[in-house]
Amino acid sequence: MKNIPSKLKTFSITCLLSAASLSASADETCASPYMAKITGQEDFVYIWTLGSEGVGDEQDKLVTVDVNPKSAKYGKVIGSLSVGGRNEAHHSDFTDDRRFLWAGGLDTNKIFIFDVATDPAKPKLTKTITDFVAKSGGVVGPHSFHALPGRIIITALSNNKDHGGRTAIVEYSNAGDYIATYWLPTDSNLQGAIKSGKYADGYNYDVRVLPRKNMMLTSSFTGWSNYMMDFGKMLQDPEAMKRFGNTMVVWDLHSRQAKKVLDVPGAPLEIRCAWGENHNYCFTSTALTSKIWLIHEDDKGEWQAKDVADIGDPSKIPLPVDISISSDDKSLWVNTFLDGMTRRFDISDPYHPKQVFEQKIASQVNMVSSSWDGKRLYYTSSLLANWDKKGVDNEQFFKAYSWDGKKLTEQFSIDFTEEKLGRAHQMRFGAYSLYGKKAEM
């Protein structure tokens, strides 16, 4: 582990103070609180897409879709930028100034940096990081990208020694320069953290921050040997099924020091933190146990984890994947991959979420992104190349819906197989307004 430079510590203190006064005006509700925000309607959705054998050029690509209803190109693919080969394209996110989109490959460990500011309708690939494993000290599988002031925090899923789940967080500058590696706590090396329950497995997945509490939170999934395995084969392998994370880690955001390891059994995946200035809690869902968990601050100022709701029928393991919190902290959308359902939970009382709506999106569904005003939701299909369904159930799509508070109404759908684009995975919003530009209608 490398220490944080002293100038970074000073920089972080200043940024923490400034972040406390940030307020979002629009945008995805999963966005970093440090990130520049869209004002009004999003113009584009950028979709980080897995290349698929026999489909188009078979390469991973960044696909741009026009989503502004006032545009003559509304609902159309207006750009597709291939990056070469299949890297197991997965997650992506912007730098704090929103000028660059970072996107990673879980298999090749490459990181692709796109300029989305010069021409938001036509992103350009400006840099490819190919030495992530060497620079980080053996970290494999760059997963979530999260913006801090002048920095990108990257969670990873594995390591190059045994391809298991023990892994780290890696920090880069916005310019693409490596800064530091922070290994997750394990039983053999707690990295200064307190083990509060049964587990300290060193696994990793997603990351979110609450700057006003100087808190960073990570979740856990599985290593390369599992996520690159055929899904059916893995389900039949008892040893493989033991190789999933059961922890979330509370970190000191300023020092990047792990503070506390929380037991959250069953592979806690996406993290979504509340936006209200006095709402000191975050949600996650556990893929293998189909539950919603609340990570909250108790009366003594200690962070705790609590199982607060079931998702569907846990005995059938619907496989909860992505979640999206509303900007007013009253709703949580939860997607379940295996049954293709999206569900809305009322989380007005975060300790007692209640399901109030459900709808089938397709045979499989993975990611969901909600607009800040809650009126638009976008869905994609692919989970992992070797985990997606086979045959006619392997629907690959990007779908846009409107939400009126009672029902979802499909606005348009793009068949990514028919369009020869591949497997649609993660989405990020773009807009001309971010850069003082006007949309071409």
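Let me begin with a term: a residue is buried under 20% relative accessible area, exposed over 50%, and partly exposed in between, with a 1.4 Å probe and protein chains only. By that criterion, phenylalanine 44 and tyrosine 432 are both buried.

Please note that this is a predicted model, in which local features need pLDDT of at least 70 and side-chain atom pairs count only at pLDDT 80 or more, while totals for chains, interfaces and linings use all residues. Residues are numbered from 1 along each chain as its sequence is written, and side-chain values use heavy atoms, with hydrogens and water left out.

I turn to the aromatic rings. Rings of Phe, Tyr and Trp (its six-membered ring) pair if their centres lie within 6.5 Å; planes under 30 degrees apart count as stacked, over 60 as edge-to-face, and the rest as tilted. How many aromatic pairs does a search of the whole structure find? The search finds 22. Helices (H or I, at least four residues) and strands (E, at least two) are DSSP runs, numbered from the N terminus.

Phenylalanine 132 and tyrosine 172 have ring centres 6.3 Å apart and planes at 15 degrees, so this pair is stacked. Because phenylalanine 132 lies in helix H2 and tyrosine 172 in strand E10, the pair ties together parts 40 residues apart in sequence. Both of these residues, phenylalanine 132 and tyrosine 172, are buried. Elsewhere, Tyr74, Tyr378, Phe398, Phe412 and Phe429 form one aromatic cluster.

Now the sheets. Two strands pair if DSSP finds at least two bridges between them. Strands E26 and E27 are joined by five bridges, and leucine 377 has tyrosine 401 in E27 as its bridge partner.

Another open sheet of four strands, also antiparallel, runs E21-E22-E23-E24. Its edge strands are E21 (320-325) and E24 (354-360). E21 pairs with E22 over four bridges, and the partner of serine 324 in E22 is tryptophan 333.
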